[in-house]
Amino acid sequence: MIITGDDSEYIAFVKAHICDQFLMNDLGPLRYFLGIEVSSISDGFYISQEKYIQDLLARAALGDERTVETPMELNVKLQPTDGDPLSDLTCYRHLVESFVYLVVTRPDISYPVHILSQFVSAPTTIHYSHLLRVLRYLRSTITRRLFFPRSTSLQLQCYSDAMWTSDPSDRRSLSAYCVFLGGSLIAWKTKKQTAVSRSSVEAELRAMGLLTAEVTWLRWLLADFGVSIHTHSGFV
């Protein structure tokens with residue numbers, strides 16, 4: 001259980017009350033929780049999954065020490081028929097599942113994870129080679145973290161993008177967005193659109209609609225916390 005807030009005395013009161021009702025241990029300030037590492041400094045705090053990545057690389061048992069600068073090659077369009085079927089699907093599926101959880105703190109791999117997860121039912125050698133590239137990218141960027149400043153404006157900044165007909169097999173486009181609250185990245189997603197867009201403009205509008213739904217929900221959530229915000233959106 002994580003207890004957070006800006007009133008240390010009330011937090012102490014809540015912890016004491018919980019301990020009276022249940023058998024619990026106070027582990028002190030938050031440092032590690034479900035594979036997520038938290039580092040607090042005077043200006044804010046960082047969250048990362050460095051140990052999680054180290055364990056993932058150890059389980060993958062890569063046979064070399066190579067690294068790459070990007071998680072996926074530019075303009076790659078993978079198809080189900082690329083390469084030869086893998087004889088053992090377990091490793092591919094396990095690594096993709098681990099990547100999905102890693103996206104919690106690593107939005108930079110959101111796109112390749114979305115692509116690779118589409119082939120978990122029947123992965124091939126080509127798909128697996130691209131999966132290994134993501135691992136080599138994580139090895140070279142293992143210390144990257146998300147920073148959340150203590151003092152920041154309560155203003156939503158939203159960015160949306162779309163890749164028209166990104167999937168050659170079904171011609172559906174890809175939507176992507178990210179949302180900042182002040183200087184803090186709080187939401188991001190890469191998702192295939194549910195219908196075929198007949199133009200790049202239509203694909204962009206669908207991506208904007210996905211982002212609008214997310215921003216609407218975030219504004220309701222912040223309103224429940226008593227936070228009044230101003231929203232500005234940018235579409236790339």
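1. Which residue does Arg106 meet in a salt bridge? The partner is Asp108, with the side chains 2.8 Å apart, N to O. A salt bridge here is a side-chain nitrogen of Lys or Arg within 4 Å of a carboxyl oxygen of Asp or Glu. Before going further, a friendly word on the basis: this is a predicted model, in which local features need pLDDT of at least 70 and side-chain atom pairs count only at pLDDT 80 or more, while totals for chains, interfaces and linings use all residues. Residues are numbered from 1 along each chain as its sequence is written, and side-chain values use heavy atoms, with hydrogens and water left out.

2. Let's stay with Asp108. Its side chain also meets that of Arg144 in a salt bridge, at 3.6 Å, N to O. Asp108 sits in the loop between α3 and α4, and Arg144 in the loop between α5 and β4 (146–149), so this pair ties together parts that are 36 residues apart in sequence. Helices (H or I, at least four residues) and strands (E, at least two) are DSSP runs, numbered from the N terminus. The classes are buried for under 20% relative accessible area, exposed for over 50%, and partly exposed in between (1.4 Å probe, protein chains only).

3. The search of the whole structure finds 10 salt bridges. Asp64, Arg66, Arg136 and Arg139 are linked in a network of them. Arg172 pairs with Asp170, the closest N and O atoms being 3.3 Å apart. Arg172 has a relative accessible area of 26% and is partly exposed; Asp170, at 25%, is partly exposed as well.

4. Arg172 leads on to Gln193, which touches Ala162, Arg172, Ser173, Leu174, Ser175, Ala203, Arg206 and Ala207, not counting residues up to four places away in sequence. Contact means heavy atoms within 4.5 Å. Gln193 is found in the loop between β7 (184–192) and α6 (200–224), and it is buried, with a relative accessible area of 5%. Where do its polar atoms go? The side chain of Gln193 makes a polar contact with the side chain of Ser175 at 2.9 Å, and a polar atom of the Gln193 side chain lies 2.9 Å from the backbone oxygen of Ala203. A polar contact is a pair of N or O atoms within 3.5 Å; within protein, one must be able to donate a hydrogen and the other to accept it, and residues adjacent in sequence count only if both atoms are side-chain atoms.

5. The largest nonpolar core has 29 residues, of which Tyr92, Phe99, Ile109, Leu116, Leu131, Leu135 and Leu138 touch the most other members. The elements giving two or more residues to this core are α2 (50–60), α3 (90–102), α4 (110–116) and α5 (125–140), and α5 gives the most, with 6 residues. A nonpolar core is a set of buried Ala, Val, Leu, Ile, Met, Phe, Trp, Tyr and Cys residues joined through side-chain atoms within 4.5 Å. Leaving out residues up to four places away in sequence, Phe99 touches Leu56, Ile109, Val113, Leu131, Val134, Leu135 and Leu138. A second, separate core of 11 residues includes Ala187, Leu211, Val215 and Leu222.

6. On the surface, Met1, Ile3, Phe22 and Met24 form a nonpolar patch, with about 430 Å² of accessible area together. Patches are made of residues with over 30% relative accessible area and no salt bridge, with like charges joined within 9 Å and nonpolar side chains (Val, Leu, Ile, Met, Phe, Trp, Tyr) within 5 Å. Accessible areas come from the Shrake-Rupley method with a 1.4 Å probe, and for residues only the protein chains shown count as cover. Ile3 is found in the segment before α1 (8–21) and is partly exposed at 33% relative accessible area.

7. Finally, the β1 region. Tyr32 lies in strand β1 (residues 32–33) and is partly exposed, at 44%. Apart from neighbours within four places in sequence, Tyr32 is in contact with Glu37 and Lys51. Tyr32 and Ser48 are 16 residues apart in sequence and 9.6 Å apart in space, C-alpha to C-alpha. Leu34, in the loop between β1 and β2 (36–41), is exposed, with a relative accessible area of 58%.
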